[in-house]
Amino acid sequence: MTDLQIERHDIKGLDGLPIAVHVVGQGRDLVLIHGYFSNAWTNWIRYGHAAKLVEAGFRLIMPDLRGHGESGKPHNAADYPADALTDDNLALVEQMGLTDYDLGGYSLGARTTVRMLARGATPSRVILAGMGLRGLTKTLDKGGYYKKVLTNLGTFERGTSEWMTEAFLKTTKGDPVAMLHILNTFVDTDEATIAGFQQPTEVICGADDQDNGIAQELADALPNGRYVEIPGNHMNAVTRKELGQAMVDFLTA
């Protein structure tokens, strides 16, 4: 895991904001987008998913979303317009010259993937992990929860969901101000649009994860969707080896 030769690239996102992109491996291009509060390292590299995909013959392109990781984290609300994350990642596809590629993400990364598809991205295959239908059609369903956490840091009882969410933010050295602004970038995608996505799509979700709705409903809404269940809930399914293996199995089938 630690001997991966990861290259750092920088692209210009919306309004020129610097977006850090981590690239590793050789072979078919696969863009992977991390979840909210996270970063490319935590989501894809730390638990071995990247190593498994590189071994399977992929070149991974893993951005840190704006406000996250090593990318720009402005504190001005104007730097977080609706669909900004989509704009950034469409810019990544263009600036890195990607034409024949696969695309996927976990949680907010899956939502960003869907927004990219809705706005014309043309990957060959798609992975939507840690995401159900409701998390796409009603994106701010949990917005109140995250606002509560981010505006009351340090007040939660140990072991509660809010306490664990705050602990994760500390682990990833997340910026609470930037995280609050990220909520303003969320855009809903209606079910009719989702039903128009033709790419073979694998929906991967933890057995105990309904944070973003029901994953099976999302798979059923997609013309070429299939659902794969792995162990875990929304917070820990991303740490399981089964996630990386499910991705490899789908992309090499």
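Predicted model: local features only at pLDDT ≥ 70, side-chain atom pairs only at ≥ 80, totals over all residues.
Colleague: Is His 22 buried or exposed?

Modeller: Buried means under 20% relative accessible area, exposed over 50%, and partly exposed in between (1.4 Å probe, protein chains only). His 22 comes out at 11%, so it is buried.

Colleague: What does the side chain of His 22 join in a polar contact?

Modeller: A polar contact is a pair of N or O atoms within 3.5 Å; within protein, one must be able to donate a hydrogen and the other to accept it, and residues adjacent in sequence count only if both atoms are side-chain atoms. Here the side chains of His 22 and Asp 64 are joined at 2.9 Å.

Colleague: And which residues does His 22 touch, not counting those up to four places away in sequence?

Modeller: Contact means heavy atoms within 4.5 Å. On that basis His 22 touches Ile 6, Glu 7, Arg 8, Ala 40, Leu 60, Ile 61, Met 62, Asp 64 and Glu 70.

Colleague: Where does Val 93 lie?

Modeller: Look at helix H3, residues 84-95. Val 93 has a relative accessible area of 11%, so it's buried. Beyond four places in sequence, Val 93 is in contact with Leu 98, Tyr 101 and Met 116. Its C-alpha atom is separated by 8.6 Å from that of Val 31, 62 residues apart along the chain.

Colleague: What about Leu 4: where does it lie?

Modeller: In the segment before strand S1 (7-12). Leu 4 is buried too, at 16% relative accessible area. Outside the four places on either side in sequence, Leu 4 touches Val 24, Ile 45, Ala 50, Ala 51 and Val 54.

Colleague: Zooming out, how many helices and strands are there in the chain?

Modeller: Eleven helices and eight strands. Of the 253 residues, 53% count as buried. Among contacts between residues at least 6 apart in sequence, 73% join residues at least 24 apart. The C-alpha atoms fill a box of roughly 45 × 35 × 35 Å, taken along the principal axes.

Note on methods:
Residues numbered from 1 in each chain as written. Heavy atoms only, no water. Helix = DSSP H or I, 4+ residues; strand = E, 2+ residues; numbered from the N terminus.
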